[in-house]
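The sequence and structure are shown first.

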Amino acid sequence: MNFKASLLLPLFFLLAVKANAQQPNNITQLAQTEQWQALLHINTQTEGSDIESYVDDASFFLANDGATNPINELLATISALKNQSETQCKFPARTLFLLENIQGLAQEVKPFVCQEYLDWRKKLNTTSVVLVFASAQLNSPSSMYGHTFFRFDPENVEQNSTYLSYALNFGATVPAGDGGFLYAARGLTGGYPGKFAANPYFEKIKEYNRLENRDLWEYKLNLKPDEIDAMLAHIWELQGISFEYYFFDENCSFRLLELLDVARPGLYLANNFPVTAMPLDTVRVVQEADLIADTHYRPSILTELKAQLAMLSDDENALALALSKDIELLNKDEFISLTIKQQQLIVDSAYRYLRYQNTFNGRAKATTRRSFLLLRRLSENPSKLTITIEQPVRPDLGHKTSMLAVSFGQNLDQGFVEFKYRGSYHDLLDPIGGYYQGMSLNMVNVMIRAYQGGKVKLEKAELLDIVSLSARNNYFSPWSWKANISVEQQWTVDKEVLVTQGSGGGGVSYQVLDNTHVFGFVTGRLEFNRKLDSFAAVAPGVHVGLLHYWPKSTVMIDAEHYQFLFDQSQRSRFSLQHSMQLSNKDSLRISADFHRVEGKDHARNSFQEFKVEYRHYF
């Protein structure tokens with residue numbers, strides 16, 4: 001029996017990596033193949049002496065210069081296979097690749113049964129791979145971009161019985177106590193090591209669907225059996241291996257693309273993201289590579305609960321909320337007089353609401369008792385409740401996250417042309433399909449204006465702009481908030497001045513109609529402005545507004561006021577903006593802004609600005 005047969009027979013599913021149609025003629029050519037470079041995680045956008053692997057762990061390489069020299073790493077792997085049989089267990093993907101592509105190598109390598117690896121493969125019993133996208137969590141800045149991971153399904157798995165599937169996640173290893181600015185700074189600069197970790201899928205459902213209230217989108221991939229084998233064999237090689245983790249590029253989604261490049265060499269999916277790798281954009285790249293066979297939507301418990309509460313009339317909602325607080329309502333006429341079907345719907349809604357509260361507020365004794373009594377009431381009159389949840393637009397079908405825009409407008413009786421670039425992601429008036437209402441997250445937003453007469457100005461450069469409008473009602477009472485850091489032009493003492501500022505605030509938002517939000521914030525602003533009495537100026541303020549969504553357009557009316565504490569300057573703004581979707585890649589926005597600036601050293605000054613803006617998303 002030859003070597004490959006002895007390696008493959010212990011488990012029938014362990015197939016050899018598919019051979020190239022034309023085998024390389026020598027070692028140099030073999031080291032330059034797409035699959036070998038994918039197995040080493042070589043950055044294929046580099047050449048010559050700049051070649052380097054993304055892996056930052058010396059234990060992943062057998063040659064001293066293996067991270068920068070694919071030829072030496074290949075030679076070292078061949079030598080190790082011949083002289084150290086256990087190398088086959090550490091690098092099963094490399095082993096199968098080399099056996100398939102080097103004639104006669106199997107006769108020079110002593111067969112070795114890798115029982116631990118085979119047991120792991122048997123435990124997974126994987127026949128299909130699913131890319132899972134966890135959508136944004138509205139009130140968590142670190143999750144607003146979403147998150148992706150893989151799910152490995154055994155044979156004959158059904159979409160609603162995937163709890164025994166396994167999930168593979170790549171993430172930063174963050175020490176306990178790191179948070180806030182330190183977490184952001186180290187995450188942006190590669191200060192954390194990143195590693196792959198496998199967990200049962202039900203743990204991910206609990207984490208994202210239940211604890212964080214994030215909807216899951218499951219994209220089944222059309223990988224062939226040999227491609228799945230190649231991916232899993234390589235995942236085994238990555239156990240405990242460290243990569244540098246960068247929040248914006250070498251992140252959870254980027255690493256998954258590298259695994260797909262191993263499974264199907266030649267896709268070069270990771271090359272689509274030389275600067276940033278947004279999880280949502282990586283899903284789109286996988287779609288464009290024709291890798292997605294099917295899609296399934298898994299709503300969060302909050303989405304399910306809101307859908308159920310929407311089935312109730314106003315009176316039934318009031319009863320359900322009252323019942324969640326007072327179990328004695330079960331014995332009162334206003335409840336008993338209802339039909340059995342109405343009673344069960346109200347009891348079930350109150351029970352689910354209490355379960356939701358227990359998830360986030362701890363298991364208070366009184367709440368747990370009411371929950372138990374409601375569950376007992378449901379069991380006395382069992383009935384099947386069907387909750388209809390309308391599937392939203394898939395996130396990958398929404399507009400893309402980078403944006404270029406050109407505007408024509410007038411400010412202070414001067415015409416201008418404005419050019420805008422936004423690195424990511426989505427603002428309150430962008431086309432809403434695939435995104436959440438009331439969510440805005442923008443990073444690297446630059447605006448340059450050219451006025452009549454040839455004067456060119458940097459109008460604004462935003463590092464960060466976040467708005468989270470989380471609607472409150474009788475059941476839920478989240479806070480809304482906003483934050484902004486930018487360099488921008490501000491009218492000060494009769495002229496425009498480029499200032500640096502940071503602002504933010506907290507407040508409330510209410511959804512008064514299905515697609516209409518009203519909001520109010522108490523805000524604060526720290527501004528560095530050389531024209532003010534104090535170079536570092538502080539201003540409390542307020543911000544109120546109304547936001548309404550139609551399927552293809554959005555309108556926002558808002559007003560903002562700041563009162564500076566030291567020099568008594570005041571600034572007020574009133575705006576009307578209307579955005580219209582032209583296509584999935586284009587929109588048109590019309591805006592009118594009315595400003596008033598007043599200070600103790602200069603007269604009141606009022607001016608208007610009108611602008612028509614064309615936006616292209618890419």
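## Local features of the predicted model

Both Cys-89 and Cys-114 are buried, where buried means under 20% relative accessible area, exposed over 50%, and partly exposed in between, with a 1.4 Å probe and protein chains only. The model is predicted, so local features need pLDDT of at least 70 and side-chain atom pairs count only at pLDDT 80 or more, whereas totals for chains, interfaces and linings use all residues. Residues are numbered from 1 along each chain as its sequence is written, and side-chain values use heavy atoms, with hydrogens and water left out.

**Disulfide.** Cys-89 and Cys-114 form a disulfide with their sulfur atoms 2.3 Å apart; the criterion is a pair of cysteine sulfur atoms within 2.5 Å. By this rule the count comes to one disulfide. The link of Cys-89 and Cys-114 is left-handed, with -90° about the S-S bond. Because Cys-89 lies in helix H5 and Cys-114 in the loop between H7 and helix H8 (115-124), the pair ties together parts that are 25 residues apart in sequence. Helices (H or I, at least four residues) and strands (E, at least two) are DSSP runs, numbered from the N terminus. A further cysteine, Cys-252, is also buried, at a relative accessible area of 5%.

**Helix H4.** The 14 residues of helix H4 (residues 70-83) should span 20 Å at 1.5 Å a residue, and the end C-alpha atoms are 20 Å apart, which agrees. The expected span is 1.5 Å times one less than the number of residues in the helix. Within H4, the buried residues are Pro-70, Glu-73, Leu-74, Thr-77, Ile-78, Ala-80 and Leu-81. Seen down the axis of H4, these buried residues fall within an arc of 165°, so they line one face of the helix; the arc is that of the directions from the helix axis to the C-beta atoms. An α-helix has 3.6 residues a turn, so residues three or four places apart point the same way. Helix H2 (27-31), helix H3 (34-39), helix H5 (87-90), helix H6 (92-101) and helix H7 (105-108) are among what covers the buried residues of H4, contact being defined as heavy atoms within 4.5 Å.

**Aromatic pairs.** A search of the whole structure finds 30 aromatic pairs. Rings of Phe, Tyr and Trp (its six-membered ring) pair if their centres lie within 6.5 Å; planes under 30 degrees apart count as stacked, over 60 as edge-to-face and the rest as tilted. Two of the pairs are tabulated here.

| Pair | Centre distance | Plane angle | Class |
|---|---|---|---|
| Tyr-145 and Tyr-425 | 4.9 Å | 65° | edge-to-face |
| Phe-594 and Phe-610 | 6.0 Å | 85° | edge-to-face |

Tyr-145 lies in the loop between strand E1 (126-134) and strand E2 (147-154), and Tyr-425 in strand E9 (residues 414-426), 280 residues apart. Tyr-145 is buried at 4% relative accessibility, and Tyr-425 is buried at 3%. Tyr-145, Phe-247, Phe-248, Tyr-425 and Tyr-435 form one aromatic cluster. Phe-594, by contrast, is partly exposed at 34% relative accessibility, and Phe-610 is partly exposed at 41%.

**Charge over rings.** The charged end of Arg-94 sits over the ring of Phe-60, 5.1 Å from its centre, and also over the ring of Phe-91, 4.0 Å from its centre. This assignment requires NZ of Lys or CZ of Arg within 6 Å of the ring centre and within 35 degrees of the ring normal.
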